[in-house]
Amino acid sequence: MILFFTLIIAICWILYELVLGTLSSYLIGDSIRQFSFTIWFFMTGMWIGAYLSRYLEKNAIVNFLRIELILSVLWASSVIILKILYLHFSVSWDLFQFFYLFITMLIGWFVWWELPLVATIYKELKIKTKSIISDLFTFDYIGWLVASLLFPLILLPILGLYNVSIFIWSLNLLVCFLYIQYLRTHKVYLTKYYFVVLAIVLYFIFLLFTSNKFENYYLREYYKEPILEVHQSEYQDIVLTKRWEDFRMYLNGNIQFLSLDEERYHEALVDWPMKLLEENNEKISVLILWWWDGLAARNLLKYDSISDITLVDLDPKITELAKNQVDLVTLNQWSLMNEKIKIIHWDAFNYFKTTNYKYDFIVADFPDPRDVWTAKLYSREMYMWINNLLKDKGVFITQASNAFFSNKAFWSIDKTMNDVFWNTLAYHRYLPSFWDWWFIASQKWNLKSIDICDKLWCTVFDRDYQRDKNTIEINTLAHPKIIEYYWEWYKKFNL
């Protein structure tokens with residue numbers, strides 16, 4: 001039975017880290033950095049707990065139960081506490097990071113008291129075993145393996161972060177109850193702790209009944225908009241809001257489009273480059289990377305010269321919404337149901353490796369480079385793959401963030417693309433929802449010989465946007481410099 005307890009608490013350990021790391025990634029961004037901080041501070045807490053556990057061994061049987069009870073309450077409250085702290089301290093990143101890391105370390109501290117106390121309980125109850133350490137660590141690692149698979153494949157997509165936290169504290173409380181029962185077989189009676197367990201159960205019931213109200217309060221305060229729908233996919237948190245005619249989509253808290261001005265964005269991204277392509281092509285094949293909501297496809301389908309559109313994206317949940325959600329379908333005009341469109345749910349890199357199909361027009365509408373996963377989408381290696389799939393006179397276009405605020409990140413994209421295509425041209429358009437937004441076009445023939453802005457009604461750079469390119473590094477998979485550039489801007493302007 002003790003080994004079963006070890007298995008359960010080991011599952012909880014890993015789930016603690018995964019939920020905290022995922023939550024901080026959603027709230028702060030930069031998932032690699034946040035997961036690294038989570039592991040480091042969690043392990044620091046475990047190190048402190050391991051050292052201090054010697055002072056709890058004297059009354060290990062009772063102290064183990066007390067720690068499980070404290071952990072169940074602490075964990076049940078931690079997600080709520082962190083979200084409330086974020087609402088009040090998000091303007092001060094360092095202060096919120098301090099509270100987040102303190103709670104992470106505190107949980108790690110209590111967690112590592114568990115295993116040494118279990119080993120002591122073995123001795124006090126005189127449980128026969130060939131090797132206490134071997135048994136404990138065997139079940140400990142099995143628990144880690146189980147939790148590592150359960151979280152991304154089942155728990156997060158189905159339950160969501162808040163309900164996963166409820167699942168964890170229920171496991172802690174289950175251990176408490178079964179442990180009290182188990183001790184009775186060894187004539188150790190801790191009857192008074194039944195009342196403590198009951199009190200915590202009542203607290204949890206209160207949290208369960210108020211969870212929807214709290215989550216609605218958090219979403220309302222965070223987004224400042226009436227919440228229409230909330231979804232948790234395998235890859236991201238999806239929120240749809242609507243106020244009168246203003247319909248918006250957010251992924252992990254970051255706005256993706258605003259219905260009132262998205263047409264301006266997609267006109268710059270799709271329609272302007274199409275004016276170049278239509279001059280030399282009767283039939284145009286298009287590859288859209290990432291933009292799964294059907295809005296870019298909607299604009300493309302207006303052109304009779306479009307022969308086929310391939311849409312490659314990782315998350316099928318967004319595609320499902322784009323085909324079925326009433327407001328989104330109305331906005332994209334049922335574009336994803338068109339017979340010209342082929343949808344592939346796959347990672348772009350893997351798709352590039354398996355196709356030899358050549359395209360006239362490739363559109364990359366990737367999210368901003370906040371972490372290693374998104375930074376690779378702006379890497380030299382990515383552009384080399386795109387170059388291989390582009391026809392001789394084909395056009396490649398990518399969104400390139402805000403060139404005024406994220407100036408270094410923008411020029412890194414431009415320099416990286418030039419390293420592959422040797423031929424790029426940047427242009428921009430003002431968007432109320434995104435401010436002044438920039439795009440970079442590439443073409444295998446001499447793009448700069450064309451007066452592109454006369455044809456596309458756009459403007460080129462003012463002096464405020466200029467930067468010495470010699471100080472900017474290109475972005476590669478091995479050295480994702482663009483993350484550093486992007487976060488320098490993001491923290492400086494608190495955006």
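**Notebook: cavities and a pocket**

I counted the cavities of 30 Å³ or more and got two. I am working from a predicted model.

**Largest cavity.** I looked up its volume, which is about 100 Å³. Next I listed the lining of the largest cavity: Leu289, Trp290, Val312, Asp313, Leu314, Trp346, Asp347, Ala348, Phe366, Trp373 and Leu377. I sorted these residues by class and found nine nonpolar, no polar and two charged.

**Second largest cavity.** I read a volume of about 40 Å³ here. I found Gln256, Phe257, Asp261, Glu262, Tyr265, His266, Ser433 and Phe434 along the second largest cavity. Which elements supply at least two residues each of this lining? I noted strand 4 (254–258) and helix 7 (262–277). Helix 7 gives the largest share, three residues. By class I have three nonpolar, three polar and two charged residues in this lining.

**Second largest pocket.** I then turned to the second largest pocket, with a volume of about 570 Å³. I found 25 residues lining the second largest pocket, and the closest to its centre are Lys83, Tyr162, Glu215, Val230 and Asp237. I checked which elements supply at least two residues each: helix 1 (2–28), helix 5 (132–185), helix 6 (193–223) and strand 1 (227–232) are on my list. Which helix gives the largest share of the lining of this pocket? I noted helix 6, with eight residues. My class tally for the lining of the second largest pocket is 13 nonpolar, nine polar and three charged.

Definitions and conventions
Residues numbered from 1 in each chain as written. Predicted model: local features only at pLDDT ≥ 70, side-chain atom pairs only at ≥ 80, totals over all residues. Heavy atoms only, no water. 1 Å grid on protein atoms, 1.4 Å probe; cavity = no way out; pocket = protein on both sides within 12 Å on 5 of 7 lines; lining within 4 Å. Points joined across faces, edges and corners; volume = space filled by probe spheres on them. Helix = DSSP H or I, 4+ residues; strand = E, 2+ residues; numbered from the N terminus. Nonpolar A, V, L, I, M, F, W, Y, C, P; charged D, E, K, R; others polar.
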